[in-house]
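Please look at the structure below.

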Amino acid sequence: MAQEINQEQFDRIANGAGFIAALDQSGGSTPKALGLYGVTEDAYANDDEMYGEIQKMRARIICAPDFSSGKILGAILFEKTMDNAIDGTPVPTYLWEKCGVVPFLKVDKGLADEADGVQLMKPMPDLDALLARAAEKGIFGTKMRSVVKEANPQGIKNVVAQQFEVGKQIAAAGLVPIIEPEVDIHSPTKGEAEIFLKAELQDQLDALPEGTKVSLKLTIPNVAGLYDSLADHPAVVRVVALSGGYSTDDACARLSQNSKMIASFSRALTEGLNVAMSDADYNAALGSNINKIYQASL
């Protein structure tokens, strides 16, 4: 029997003003994220020390005064962050009880090699065990990413089918999945790919079992408002946007043209932050990013 979805958290994500912070860089992207933050690879000797550094970085973000329910609805965590603590309190508990921010978990294991113009997700053989652990820790929902590189109808069909297959498994465990088929912002056929993607998403949403709820995390489309009809679908809790490599200002400008999408930015959230900053400078820079992203999400 699946756990009951937390109704207060559901209402925050479905109807709240704000955005979802993505704090979920994992193994492959951690050195790059740390490097942008000013922590070079000579600062850690092994993976454990590297994850220690990223935990310090994330704790500093979460503990900042502007990281709160006023502008942030949810935060997506990497598995190691979910298992960690801030001031002795498990991170998911800290987020919800101290910040009023709904905790999500990244569950994918990375991307498979490109085929048919897309990258599917690698297999997740331990997903059921991870979902059970996440539910115990108070995680509300999950996120998993695939990538569309070109407007290949079969590839896009495969990506969306896989996302929804896993999404139904997650929903059955009582969590709300964020379906994330990212369209590469550098794709020469980005606009065309988005037309195919929308049609596949519509078909899969229409086929969901009654009462199943999902969110969508999509690249900001070339045509403003393209995904509005998906946002209005009864199975969709929220449509959120990824920054995809756009700068904070560019991502926010594009997002503000899409009234039914809110942000779920990762790199754009941490742009300009550096480990060496004073707390005052750090909090001001993060607060400025949070405010820009919040305004674009309204």
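The second largest pocket holds about 160 Å³ of space. A pocket is an open set of points on a 1 Å grid over the protein atoms alone, where a 1.4 Å probe fits, with protein on both sides within 12 Å along at least five of seven lines; lining residues have an atom within 4 Å of a point. The second largest pocket has 14 lining residues, and N6, Q9, K137, G138 and I139 lie nearest its centre. Helix α5 (residues 91–99) gives the most to this lining, with four residues. Helices (H or I, at least four residues) and strands (E, at least two) are DSSP runs, numbered from the N terminus.

This is a predicted model, in which local features need pLDDT of at least 70 and side-chain atom pairs count only at pLDDT 80 or more, while totals for chains, interfaces and linings use all residues. Residues are numbered from 1 along each chain as its sequence is written, and side-chain values use heavy atoms, without hydrogens and water.

The largest pocket has a volume of about 1200 Å³. Among its 43 lining residues, Q25, S29, R145, E182 and S266 are the closest to its centre. Strand β7 is one of the elements that supply at least two residues of this lining.

Strand β7 (residues 141–148) also runs parallel to β5, joined by three bridges, with T142 opposite L105. Strand β2 (residues 72–77) pairs with β5 in the parallel sense too, over four bridges; here L77 stands opposite L105. Pairing requires at least two DSSP bridges between two strands.

Five of the five residues of β5 (residues 102–106) are buried, so this strand is largely enclosed by the rest of the structure. Buried means under 20% relative accessible area (1.4 Å probe, protein chains only). V102, F104 and K106 cover one side, P103 and L105 the other.

How values were computed
Buried means under 20% relative accessible area, exposed over 50%, partly exposed in between (1.4 Å probe, protein chains only). Grid points are joined across faces, edges and corners, and a volume is the space filled by probe spheres set on the points.
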